[in-house]
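Me: I am new to this structure and would like to learn how to read its features one at a time. Could you take me through them slowly?

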Amino acid sequence: MPTVIAIKMHQNSLSADELSELASNIRAWGAELGFQQIGIADIDLAETELRLEEWLARGFHGEMTYMSRHGTRRTRPSELIQGTCRVICARMNHLPAGAHPPESALADKNKAYVARYALGRDYHKLLRRRLQQLSERVTAAAGEWGYRVFVDSGPVMEKPLAAKAGLGWQGKHSNLLNREAGSWFMLGTIYTDLPLPVDAPVTNHCGSCTACIDVCPTGAIVAPYVVDARRCISYLTIELRGSIPEDLRPDLGNRVFGCDDCQLHCPWNKYAHTSDETDFSPRHGLDSATLLSLFAWDEATWEKRTRGSALRRPGYDGWLRNLAVALGNAPPSQEICAALTGRRASVPPMVQEHIDWALRRQLEKSPA
Ligand code: B12
Ligand code: SF4
């Protein structure tokens, strides 16, 4: 992630009517490019800034130093990119059509659970390319304009901005929720200096429901709307580079990359839609693979099979670490113990330590 982004913005002098027409066109072009919704927000994130400061002060970001490194540039878009006055926010469904139901992989403890968003092609690449295409259409129609596309690629508060742009509200699990689409979508943004007309936010519809808080396996949603990332399985399996805290390992179950529990149990997701993007279709049978088959991937296989996929983020060691924990949590089996033991000599100490934990846990569960 870049530390400072300096980009030249162009002051385009469109009339109010032209800006309004352009905003409608952006929505229509966005739909043609596969986005389910586009909204436009102003850049006032004052309330978000206070909440982010508190979140950081409580250390909830753990080792994600990129969350604090940029100071107020994260919550003040015009400090990140001079001249920014609007943010075009987009959402795209990612739930792959035809994938095995998530509940079946979660229920079978010999299978690996991979978060739905990571089963196919890396969403960063797909959304960024489409937002770039959208931006180019704006240039073709309206002339040079100042813009910069972000999909998790800079210090941007994507959820609060999308909420301001009317794409949904932040649920108690903190993800953006939409009445017609639940939360199974990813977000992307375009910062711009064009003073486009803004959209109105929608109201919060969580009511008294606490399903996401109650179901979270690690108690990571420490208060409504507040996630302690250090306890979140998504952080532990994707962002954390070193050792997973031992007390949390049993709660990971068979989740080897990310976690969807708070979304799976959210009642609004009965309105979710699957994605038409074939790029999001599961690769290599990841929607119902066994833990042992994935643990058998050597580094070259992992390199090849994770190319262009979000699965690369924790690295090969992180991948093995996560699988070792899940194998420790699996029903006792000699085959699992043999696979863990067979791997031990060829992996770095961090992974070895997780393998040793997994072997101990397997033995504890074995009938005497
Ligand atoms: C850091 C990060 C994480 C971290 C921290 C998660 C978190 N909740 O912050 C970890 C690694 C744990 C993570 C996990 C996941 N992530 Co993530 N993550 C991000 C990232 C890079 C930044 C998020 C951030 O700014 N966090 C800082 C906190 C302080 O901000 P916040 O969550 O908005 O917190 C707000 C609320 O707490 C609110 N608040 C506080 N008190 C109160 C009180 C009231 C009354 C109200 C209304 C609000 C409120 O104010 C805070 C500031 O706005 C964004 C991409 C981006 N650049 O924005 C993706 C992003 C949020 N992640 C995303 C996804 C999909 C996930 C996972 C579902 C992945 C998975 N399946 O494993 C999980 C979900 C876990 C969860 N319940 O949040 C998507 C969410 C899409 C959506 N529909 O909302 C994003 C937007 C990526 C993208 N481009 O699409 N993620
Ligand atoms: S993603 Fe999983 S661990 Fe993280 S907050 Fe949601 S339910 Fe909890």
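Me: From which domains does the lining of the second largest pocket draw at least three residues each?

Reply: This is a predicted model, in which local features need pLDDT of at least 70 and side-chain atom pairs count only at pLDDT 80 or more, while totals for chains, interfaces and linings use all residues. Residues are numbered from 1 along each chain as its sequence is written, chains are lettered from A and ligands numbered from 1 in the order in which they are written, and side-chain values use heavy atoms, leaving out hydrogens and water. On a 1 Å grid over the protein atoms alone, a pocket is an open set of points with protein on both sides within 12 Å along at least five of seven lines, where a 1.4 Å probe fits, and lining residues have an atom within 4 Å of a point. Here the lining draws at least three residues from each of domain 1 (16-98 + 114-192) and domain 2 (211-271 + 283-365), bounds that come from an automatic or database domain assignment.

Me: Which of the 15 lining residues are the closest to the centre of that pocket?

Reply: The second largest pocket has a volume of about 210 Å³, the space filled by probe spheres set on grid points joined across faces, edges and corners. Closest to its centre are L95, P102, E103, W184 and L264.

Me: How many residues does each domain bring to the contact?

Reply: The C-alpha centres of domain 1 and domain 2 lie 28 Å apart. Their contact (heavy atoms within 4.5 Å) takes 33 residues from domain 1 and 37 residues from domain 2.

Me: What surrounds ligand 2?

Reply: Its shell (a heavy atom within 4 Å) includes C216, C232, C259 and C262.
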